[in-house]
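Please read the following report alongside the sequence and the 3D structure.

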Amino acid sequence: MGRVSQAQAEENRKRVVETASRMFREQGTQVSVADLMKAAGLTHGGFYKQFASKEALIDEATTQAFEEFTRRRTAGPERAAGQKDTARQRLIDGYLSPAHRDNAAEGCPVAALATDMAREPGDREAHRVYSEGVAEFADWLATDDQDGITRLCTMVGALVLSRATTGSPLSDEILTSARAALTTTD
């Protein structure tokens, strides 16, 4: 089998990082390299040509997840004609929805990666990216009346509990209650 071109190698690396970003949010960072590479459509041995270690991939995939989430979040005000309060409320409504609950792979890395990042050493790049992403998201959620950290904790806690109780009526009730608690009244 011949060597792949540099362009193909870069494309393969990008595909692995994107696949890892989704799989880590859906299944956690304990996903095996073999399963990850299979999902990316590449060989297990190809991993070691692209990454120094699984930890290096976790760092890149965490960065990818937060960059993707930030792009979607910051596009909200554009879609809401520059109205940050409207964009913020739309994000909260979408965040605390059954669709987001049921699609962790494409969802918020704050909720999806929380337990994995709690186990990461504080000096790891993934831990730094995660911490900065949490702070930026909380800052974006802050209003004149509500602290962003409190709002973020309500949202993330509700999403995690809703995912943990999926299939029971409590799951939807958790989302509905948290949405009501965060609804702004004008």
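## Basis of the report

This is a predicted model, in which local features need pLDDT of at least 70 and side-chain atom pairs count only at pLDDT 80 or more, while totals for chains, interfaces and linings use all residues. Residues are numbered from 1 along each chain as its sequence is written, and side-chain values use heavy atoms, with hydrogens and water left out.

## Overall fold

The protein has ten helices and zero strands. Helices (H or I, at least four residues) and strands (E, at least two) are DSSP runs, numbered from the N terminus. Read along the sequence, the pattern is α-α-α-α-α-α-α-α-α-α. The C-alpha trace spans about 65 × 40 × 30 Å along its principal axes.

Of the 186 residues in the protein, 43% are buried. Buried means under 20% relative accessible area, exposed over 50%, and partly exposed in between, with a 1.4 Å probe and protein chains only. Contact means heavy atoms within 4.5 Å. Among contacts between residues at least 6 apart in sequence, 66% join residues at least 24 apart.

## The nonpolar core

A nonpolar core is a set of buried Ala, Val, Leu, Ile, Met, Phe, Trp, Tyr and Cys residues joined through side-chain atoms within 4.5 Å. The largest one has 43 residues, and those that touch the most other members are Phe24, Leu36, Leu57, Tyr95, Leu96, Phe137 and Met155. Two or more residues each come from helices H1 (6-27), H2 (33-40), H4 (54-79), H5 (84-95), H7 (109-118), H8 (125-141), H9 (148-164) and H10 (169-182). The most come from H8, which gives seven residues.

Leu96 is in contact with Met155, Ala158, Leu159, Leu175, Ala178, Arg179 and Leu182, leaving aside its neighbours within four places in sequence. Helix H7 is largely enclosed by the rest of the structure, because seven of its ten residues are buried. These buried residues are Pro109, Val110, Ala111, Ala112, Leu113, Asp116 and Met117.

## Two helix contacts

Two packed helices are described by the angle between their axes and the distance between the axes. Axes are lines fitted to C-alpha atoms, for helices over the stretch in contact, and angles run from 0 to 180 degrees between N-to-C directions. Angles under 35 degrees count as roughly parallel, over 145 as roughly antiparallel, 65 to 115 as roughly perpendicular and the rest as oblique.

H5 and H8 pack at about 120°, with their axes 10 Å apart. H5 is therefore oblique to H8. On the H5 side the contact has Lys84, Ala87, Arg88, Leu91, Ile92 and Tyr95, and these meet Phe137, Trp140 and Leu141 in H8. By class the residues are seven nonpolar, no polar and two charged. Here Ala, Val, Leu, Ile, Met, Phe, Trp, Tyr, Cys and Pro count as nonpolar, Asp, Glu, Lys and Arg as charged, and the others, Gly among them, as polar.

The axes of H9 and H10 come within 8 Å and cross at roughly 170°. H9 is therefore roughly antiparallel to H10. H9 contributes Arg151, Thr154, Met155, Ala158, Leu161 and Ser162, and H10 contributes Ser171, Ile174, Leu175, Ala178 and Leu182. This contact has seven nonpolar, three polar and one charged residues.

## Aromatic rings

Rings of Phe, Tyr and Trp (its six-membered ring) pair if their centres lie within 6.5 Å; planes under 30 degrees apart count as stacked, over 60 as edge-to-face and the rest as tilted. By this rule there are five aromatic pairs. Phe47 and Tyr48 form an edge-to-face pair, 5.0 Å centre to centre with 85° between the planes. Phe47 is buried at 1% relative accessible area, whereas Tyr48 is exposed at 52%. Ring pairs link Phe47, Tyr48 and Phe51 into a cluster.

Tyr95 and Phe137 form a tilted pair, 6.0 Å centre to centre with 45° between the planes. This pair links distant parts of the chain, since Tyr95 in H5 and Phe137 in H8 are 42 residues apart. Tyr95 is buried at 3% relative accessibility, and Phe137 is buried at 0%.

## A loop residue

Glu120 lies in the loop between H7 and H8. Glu120 is buried, with a relative accessible area of 12%. Not counting residues up to four places away in sequence, Glu120 touches Ile58 and His127. The C-alpha atoms of Glu120 and Glu173 are separated by 32 Å, and the two residues are 53 apart along the chain.
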